[in-house]
Every structure is written in C-alpha cells, then in structure tokens.
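Hello,

Here is the structure I promised to pass on to you. Have a look at it first, and then read on for what turned up in it.

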Amino acid sequence: MKQILTVIILALLTITPVRGEVLAKKKIVEPVADSLTIFIQAGDSCMQQFNTFEALKYYQQAYAIAKKRSQERAVEHLDLPLDQLEKLPQEKQDEIIERLKQSAEKSAIIDCGIQMKLADCYYKRAHYREASELLKTIPEDSLSHESFRQLAYGYQKQGDNDSYVYWATQLVKHFPMDGEMIAGLTHGYTKQDQAWKGLEVALKYYAVDSTNILVNRALADAYFIDRQFDKAVTIYEHLLAQGDSTFNTLYSAGMCYTRIDSLNKAYNCLLPAFYLSQMQHSGCVYRLGAVSIDLHSYEEGLRYLDIALQLMQPDTTTMKAITLSQGEGYYLTKQYDKAVESWKQHLEYNPTSIATYYNIASAYYYFLSDGKQAKAYLEKFLDLARKEEKPTQQLSEMIEKAETLLRTTNFGGGKSRKR
C-alpha cells in the first residue's frame, strides 16, 4: 500500500523535462495535482483500509503544508501601520514588522477539515493529548459531531474530568439529544461532587426521552450519590422494567434498597447480581450476606460472608465490617465459639471496638463456661469504655453491668450462667 501511494505521489508531483517541452510546444496547460490534495487523498485512502500508521504520516504532511500556506496568507494580508512605522528608526521598524509577522503566523487559521482528519487519526491511535490540542483550536461551529465527541472523550481518557465536563457541556449545547454524552456529562458532574448539576442535565433529557438506558443509569446513580434514595429506586425500577438486568443496575438497585430498608427487594437484586459477577464481586457478596442475616437467613448469610472474607481479606476497612457481621450471625445461630473467633478477628482490624470486647466477654461468661476469658475481656472492655467522655445510655448500662460482674463474681470457677 505504502509503495503504491508513494509511486502515485511522485508521479503527480514530478513533470519530466521532456513532457514539459511537449506541453510547451502544444501550448496545452494541464492542471498539476496540488500537493496538499495528494497527501489528503493518500491519508484518506489509508484510513479506508484502517491503516492509521501510514495515514498519520500523510495527514501530518498535509497539515504542515496547510499551516505554512495559512501563515503565508496571514502575513501577505497583514495590515501594517506604515504611517506610524515611518516615524521610527529603520531598526525599530524591522523589529516591529517581524513581531507582527510572527503574531500573524501564530494566529493564522488552518483548514478545519485537515485538522479534524489529523485529530481523528491521532484519536484512533490513542494519542489523545495531540487530538485534543488540535480540536480545541477549531471554532465550535466548525466542529463535526464526531470531532466534538473526540475532543470531550480525549480529555476524559487523559483523566482530565474538568476539561471533559467543559467540552461535554459545549457539545450538549450543540447536540442536546446526544444521549451518550448526556449520560457521560451526568457522571462527570457526579465525579466533581456536583451531582445536582448532573441531575439537571439528565432530567432535562429525561423529560423528552425517558427510554434511554444510558441516561437512566446516570440519572439513577446521580440520585443515589445525592442521597435521594427514593427517587433513585424509582429510576432503577424503571431500568429493570426496561430489561436492563446488567450487574451494575442490579447491584446499584440492591444497594439503594438497603438504604430505604427494603431488604427483600435488596436481596432479590443482589442475588442475581452476585451470580452475574461469577461470585467474584466482593462488595456485592458482602452486602448479600449482611442483608441475608438481617432477614434472619443466618446460615445463608454466613456462607456469603465467608466468600466475601476470602475475596476481601487484604481490605482492612471491609474486613472490619465482614468479621463484625460474621460474629453477629454466628451468635444468633448459637455458634458461640465461632462468634468469638470472628469477633477476635474483628479486633485485629478494629482494636478500639468497645462493644466487641463486651460481646466476647458475654459469650465466654454465659455460654462457653470460660470465666478466665470472660474476666479478661470485661476488663479490656472497661479500660476502653471508661475513656469515653460522653458515653451513650446503652454504653453506661454496659459499664455498670460489667463492673457489677467483676465485683460480685468468682470467675475462677468458670461456671456458665443464664442472662
């Protein structure tokens, strides 16, 4: 391909002396193909074959020619203040003229079509910075829809969310029914902690078209981030009714239901989401386990929490929550030894958890017949609890009960008791 195009270009750019003489004798003037046109056509031909590697070379050459010509035209039409210049020394005149020429060259307008072709090639080769730098110099009214999108997405792919939001906003002004961009802009505002702005954008579109799944997902997520859970649930339910049963929609809907205490609905969303994730999404299986325990399906919930434990073990924050829920689940199913084991593991991640020391002491004292351990954990509980400046009523009652047990009980016998 490269060899063929090279031959064509050389043939068009070169006129041999012999042929020149013949034309002169016949007094026939044949048009010579313009070099700029040749490079553009060569680039277009490569792009049709998805050969961005060769196309880039031709478009770069075309751009260089177009830039040079636009600069020459800008200098040629430069309106010099001759009357004022003549009053200055020649050296100063030359300096000012040179500066004006440089300014004219710098501000010269290059053919927009060539810039968009080159930018398109850059974009498709993941040279997003180069593509964005080219496209942002083009007047917005001259940008094609595709180039406008490449400009916005180019910044997004560079991780520049602020610039993405700006250019996405400009695009939406020109193309207000671009649902994909509306959804992206809504998410962009959410990342800026301005979910309310995203809601304005999405709701304006939603009022015209409530069937666009991408926009509906973004709208539901924005409501969720803005803590308007009742409205978020309405949109998630609308998405599910549309047949959008993807993992993200099911998981997000399940999370939203947990916030409004609709645990059965949360379970019905989280369970299929868990299977869609091939049982590999740690957050989903953890939430499913916690919801199952809250619904009193203790054995099922504990199984899910075991899976979550394996998936999340390096995550300290999540491990705190999982081990705490596990302890509660084992305790409620009267598996007191396992409950203590889980709570002790919880203390490894959260050693200042006052209530956990009390729970372990209670399990040892009332159910596991281990007075020595019960006393040790009651003392650890009191060491932390007494440091609380403003204890809650519940904590105060726990402190009083622990102090009474330590004062009146002979823990050496290790006798189990009923509450």
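Let me start with a loop: K334 sits in the loop between helix 19 and helix 20. Helices here are DSSP runs (H or I, at least four residues), as strands are (E, at least two), and they are numbered from the N terminus. K334 is not a glycine, yet it has a positive phi of about 65 degrees. As background, most residues other than glycine have a negative phi. K334 is exposed because its relative accessibility is 64%; exposed means over 50% relative accessible area, buried under 20%, and partly exposed in between (1.4 Å probe, protein chains only).

Before going further, please note that this is a predicted model, in which local features need pLDDT of at least 70 and side-chain atom pairs count only at pLDDT 80 or more, while totals for chains, interfaces and linings use all residues. Residues are numbered from 1 along each chain as its sequence is written, and side-chain values use heavy atoms, with hydrogens and water left out.

D261 also has a positive phi, near 60 degrees, in a residue other than glycine. Its place is the loop between helix 15 (247-259) and helix 16, and D261 counts as exposed because its relative accessibility is 65%.

Now the overall picture. The protein has 23 helices and 0 strands. Of its 419 residues, 43% count as buried. Taking contacts (heavy atoms within 4.5 Å) between residues at least 6 apart in sequence, 53% join residues at least 24 apart.

Which residues touch the most other members of the largest nonpolar core? They are Y164, M181, Y236 and F381, in a core of 117 residues. Helix 21 (residues 354-366) gives the most to this core, with 9 residues. Such a core is a set of buried Ala, Val, Leu, Ile, Met, Phe, Trp, Tyr and Cys residues joined through side-chain atoms within 4.5 Å. Beyond its neighbours within four places in sequence, F381 is in contact with I354, Y357, Y358, L395, M398, I399 and A402.

Helix 9 has 13 residues, and its end C-alpha atoms are 18 Å apart, which agrees with the 18 Å it should span at 1.5 Å a residue; the expected span is 1.5 Å times one less than the number of residues. Its buried residues are S147, F148, R149, Q150, L151, A152, Y153, G154 and Y155. Helix 7 (112-124), helix 8 (128-135), helix 10 and helix 11 are among what covers them. S147 has a relative accessible area of 5%, so it is buried, and it is in contact with M116 and L135, leaving aside neighbours within four places in sequence. Just after helix 9, G159 takes a positive phi of about 80 degrees.

In helix 10, the buried residues are N161, Y164, V165, W167, A168, Q170, L171 and V172. Their cover includes helix 9 (145-157) and helix 11.

Helix 10 also takes you to the second largest pocket: helix 10 (161-174), helix 11 (179-191) and helix 12 (195-206) each supply at least two residues of its lining. On a 1 Å grid over the protein atoms alone, a pocket is an open set of points where a 1.4 Å probe fits, with protein on both sides within 12 Å along at least five of seven lines, and lining residues have an atom within 4 Å of a point. The volume is about 210 Å³, counted as the space filled by probe spheres set on the points, which are joined across faces, edges and corners. Among the lining residues are T169, K173, M177, Y189 and K204. The lining divides into 9 nonpolar, 1 polar and 2 charged residues; Ala, Val, Leu, Ile, Met, Phe, Trp, Tyr, Cys and Pro count as nonpolar, Asp, Glu, Lys and Arg as charged, and the others, Gly among them, as polar.

Finally, helix 18 (residues 298-312) reaches 20 Å from its first C-alpha to its last, close to the 21 Å expected. Helix 20 is part of what covers the buried residues of helix 18. S342 lies in helix 20 (residues 336-349) and counts as buried because its relative accessibility is 5%. Apart from residues up to four places away in sequence, S342 touches T323, Q326, G327 and Y330.

Enjoy looking around!
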